[in-house]
Amino acid sequence: MRFSPHTAEDRAAMLKVIGAERVDDLFADIPRSVRLNRPLNLPAGLPEMEVRRLLTSLAQRNADGDQMVSFLGGGAYDRYIPSVIGEMLRRSEFYTSYTPYQAEISQGTLQVIFEFQSLIAILTGMDLAQASLYDGATAVAEGAMLAYGHTGRRRVVVARSVDPQYRAVLRTYAEGHDLEVVEAPLRDGRADPDEVRRLAENAACVIVQHPNFLGLLEEPEALCEAAHAAGALYIAVQDPISLAVLRPPGEYGADVAVGEGQPLGIPVSFGGPYLGYMGVKQDYLRRIPGRIVGETTDHDGRKGYVLTFQTREQHIRRERATSNICTNQGLMALAATIYVSLMGPRGMRQAAALSIEGAHQLADALEGSGFRRAFAGPFGSELALRSPVDANALGATLRRSGILGPLDLARLYPELEGHILLSVTERRTPEEIDRLVKALREVAA
Amino acid sequence: MNTIFDEHEAGRGTSYLPEREIDLARYLPRSALRAELALPELAEIQVVRHFTGLSRRNHGVDSGFYPLGSCTMKYNPKINEDTARLPGFASAHPYQSEETVQGALQLMWELQQDLQEITGMDAVSLQPAAGAQGEFTGILMIRAYHRLRGDEGRTQVIIPDSAHGTNPATAAMAGFEVVHVPSDERGGVDLDALHAVVSEKTAALMLTNPNTLGLFDERIQEIAQVVHGAGGLLYYDGANLNAVLGRSRPGDMGFDVVHLNLHKTFSTPHGGGGPGSGPVGVKAALKDFLPMPTVTQRADGSYGLDYEIPHSIGQMRSFYGNFGMLVRAYTYIRSLGGEGLLGVADDAVLNANYLLARLRGSFYEPYDRTPKHEFVIAPPRDLKKETGVRTLDIAKRLLDFSVHPPTVYFPLIVDEAMMLEPTETETRETLDAFADILLGILKEAQEDPEVVKTAPHDTVVGRLDEAKAVRAPRLRETLGA
């Protein structure tokens with residue numbers, strides 16, 4: 001009972017006040033037939049020193065991205081995390097609090113969310129944003145639910161170039177409302193606006209990722225227009241770092257902007273916890289899922305923040321809520337808010353620009369190597385290549401040179417047998433890129 | 001307090017990255033590029049002071065008592081925070097090949113096994129991102145189960161009137177019609193009413209046990225028989241598992257699907273409202289419907305991700321789960337062991353009953369029973385009429401004493417409800433001090449009701465105008481606004 005403060009005397013005194021003889025008496029109403037009459041079959045409890053040893057040994061069985069040079073991306077990115085973030089995230093007034101139901105003693109959490117909403121609205125160019133969702137994939141799915149709620153249409157069009165994880169989750173969520181998910185096929189690695197226009201007939205929304213999962217820039221203006229021509233909403237999926245340098249969804253007319261906030265100061269952590277964001281046009285305020293924080297005043301006119309427009313939410317609205325989501329990703333939203341505050345516009349742009357430059361230098365250096373670009377269009381910080389060798393074998397070889405990657409695209413796109421994805425972030429130095437180039441050239445030779 | 005926008009000064013900032021000039025037009029079409037990016041610019045010290053300042057405007061478990069019913073605000077051990085940040089865990093990329101993440105996979109596999117043992121279920125998925133998503137996962141599996149059997153007519157989910165709001169919201173999100181069943185005078189499911197609503201349309205009953213009144217439904221086996229007899233399944237909302245750890249298992253009570261909240265029972269921090277983690281456990285009959293992937297142990301003893309789940313409902317979120325939370329929960333389970341977990345339930349129930357004993361006679365007790373880890377009371381029935389003081393006022397007055405109020409106005413079936421869950425990690429002195437404060441406020445309400453009705457008085461802001469927040473919405477800041 002590691003974390004119980006009670007002594008035997010405490011327990012005895014407390015039982016006396018309760019008027020019970022033994023703790024067992026407090027459980028007397030549990031029928032014998034459903035009691036567990038044996039100890040739980042678990043390893044015995046360990047003192048802290050032993051627990052730390054055990055966990056350290058497990059952690060050491062992983063090859064971590066800090067020891068290796070990582071070119072793995074595909075939705076989770078090894079970006080630089082300033083020291084301030086870790087320090088602030090361990091302020092326990094933040095991490096040991098719960099959802100801000102009592103506004104007067106939760107102004108810290110509430111103001112963080114308000115600032116997070118503001119930063120997401122600016123980055124995406126949307127009118128407003130909510131307090132965060134579980135991750136990019138569920139943000140996409142919630143976006144589709146919003147579109148279904150708004151249009152009443154049961155067809156959802158998603159470009160096949162959208163992250164396969166997001167599409168998988170979208171299909172799971174769609175099942176609940178019997179929505180039909182239709183994919184706009186890959187045309188040289190991208191979505192084709194004419195094809196999307198046809199598919200969008202009678203659709204609730206069109207979902208496009210830009211740059212897409214294969215690293216390519218889509219044509220968001222034309223695609224957005226195609227969606228709107230069919231009366232469908234346009235849901236833009238964008239990496240928030242890319243938003244620092246690319247035209248934001250709000251500018252080209254998107255109705256909903258969603259994405260994965262992990263690149264904003266959150267470690268890759270084997271897939272979670274991450275951070276979904278959602279920005280919308282003003283018109284959809286009452287359809288947005290999850291928490292929203294608003295500014296108001298108290299009776300003395302002091303500025304303060306509250307959870308607002310709660311009549312959309314499950315704890316008020318129950319089966320008529322816009323989503324069943326209960327809280328948000330509070331601590332991850334805090335990390336992202338601090339990240340953007342620290343980086344500022346120049347730091348954000350620099351993170352994006354260094355990544356894009358690195359990916360292009362990598363592409364140039366691989367010319368004539370046998371690793372050829374898979375698709376022709378302009379690309380950002382990720383590079384899809386046709387590999388002359390088996391992707392698995394390639395991964396094993398690179399690992400011996402201390403390199404993590406590439407991602408085998410055939411795992412996620414059966415039609416892309418022999419294709420790989422390499423991802424470059426600002427953490428990759430020119431020397432590391434050279435090392436990768438050299439290793440790839442050796443493999444190909 | 002200032003916002004980061006108020007602190008902005010053009011040209012400020014700290015360099016975290018190499019500063020060389022890059023012309024993006026060399027790589028990307030100009031038409032794709034963004035013209036302006038109006039984000040605030042701050043020096044590092046401003047950022048640190050700002051967020052330190054904000055943290056001080058928050059109350060957490062580490063700041064003081066937090067008896068928020070249904071949320072299990074127990075102490076969050078600091079070792080968990082260290083282990084989750086070990087480089088081998090924090091820096092592991094989810095697309096790394098299996099042989100390079102054996103430690104992470106082993107941890108997940110063992111946690112799956114542990115949670116099966118703790119809940120009495122046959123298989124566990126760690127994927128759901130939070131309790132509400134665990135519910136959604138479980139209900140989608142139930143839907144898929146009936147459909148695969150050709151049992152398409154099961155369109156209803158039965159939910160007690162004492163249930164969490166997520167239960168009906170989840171059922172609706174999974175396409176079900178919600179049918180409510182009332183509670184009886186003992187606070188349990190009204191069996192006659194249950195008989196009346198179950199039918200060939202029943203897909204499932206969602207139940208929390210002990211329920212949101214903190215009461216164990218002794219007739220759980222009869223309830224299970226009624227639902228199973230009609231061909232429905234039983235869903236366990238694990239929000240209150242802390243009360244029965246090592247004492248009674250949902251699997252043995254007759255439940256077919258359970259979700260757990262690692263951020264409640266297994267001490268992972270609530271984070272100001274997330275990230276949580278909501279693993280789901282199922283009986284063997286539902287194993288083939290689990291979300292993909294689960295973690296498996298291969299014949300050679302190594303660990304891998306299993307995507308071969310015949311009727312899987314699919315994927316619930318990106319990748320495999322809130323791994324950082326899984327590391328914390330695993331650390332907690334290894335710290336406590338089986339005996340320690342039993343002790344958690346014992347002390348949680350002891351603390352709740354002790355606190356209730358201290359308040360008994362002064363507050364209204366809707367059910368005269370022995371609660372488990374939490375209990376529901378209300379102010380004396382004539383207080384509102386005589387003084388105008390409501391539960392909300394009492395809750396707000398508690399803020400002046402640096403304790404977090406209980407959950408209020410929930411469950412919905414008790415008028416002016418206050419739901420208290422002290423958890424096992426609080427000392428007797430803390431419980432005594434809290435009882436004294438609460439009894440003091442009750443006295444104050446009778447003697448000087450205005451003080452209570454206008455509380456809080458000592459917080460950084462007073463009661464906030466929620467109507468104004470909706471009437472004149474201000475949901476974001478803009479630079480230079």
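Let me start with the two chains: 163 residues of chain B are in contact with 163 residues of chain A, where contact is defined as C-beta atoms, placed from the backbone, within 7 Å. On the chain B side, helix α10 (residues 323-359) gives the largest share, 22 residues; helices here are DSSP runs of H or I with at least four residues, strands are runs of E with at least two, and both are numbered from the N terminus. By class, that side of chain B has 81 nonpolar, 54 polar and 28 charged residues. Nonpolar covers Ala, Val, Leu, Ile, Met, Phe, Trp, Tyr, Cys and Pro, charged covers Asp, Glu, Lys and Arg, and the others, Gly among them, are polar.

A note on the source. This is a predicted model, with local features needing pLDDT of at least 70 and side-chain atom pairs 80 or more, while totals for chains, interfaces and linings use all residues. Residues are numbered from 1 along each chain as its sequence is written, and chains are lettered from A and ligands numbered from 1 in the order in which they are written.

Now chain B by itself. Its secondary structure comes to 15 helices and 12 strands. The radius of gyration of chain B, over C-alpha atoms, is 25 Å, close to the 23 Å of the globule rule (2.2 Å times the number of residues to the power 0.38) for 481 residues, so chain B is as compact as a globular protein of that length. The C-alpha trace of chain B spans about 75 × 65 × 45 Å along its principal axes. Of the contacts in chain B with a separation of 6 or more, 72% join residues 24 or more positions apart.
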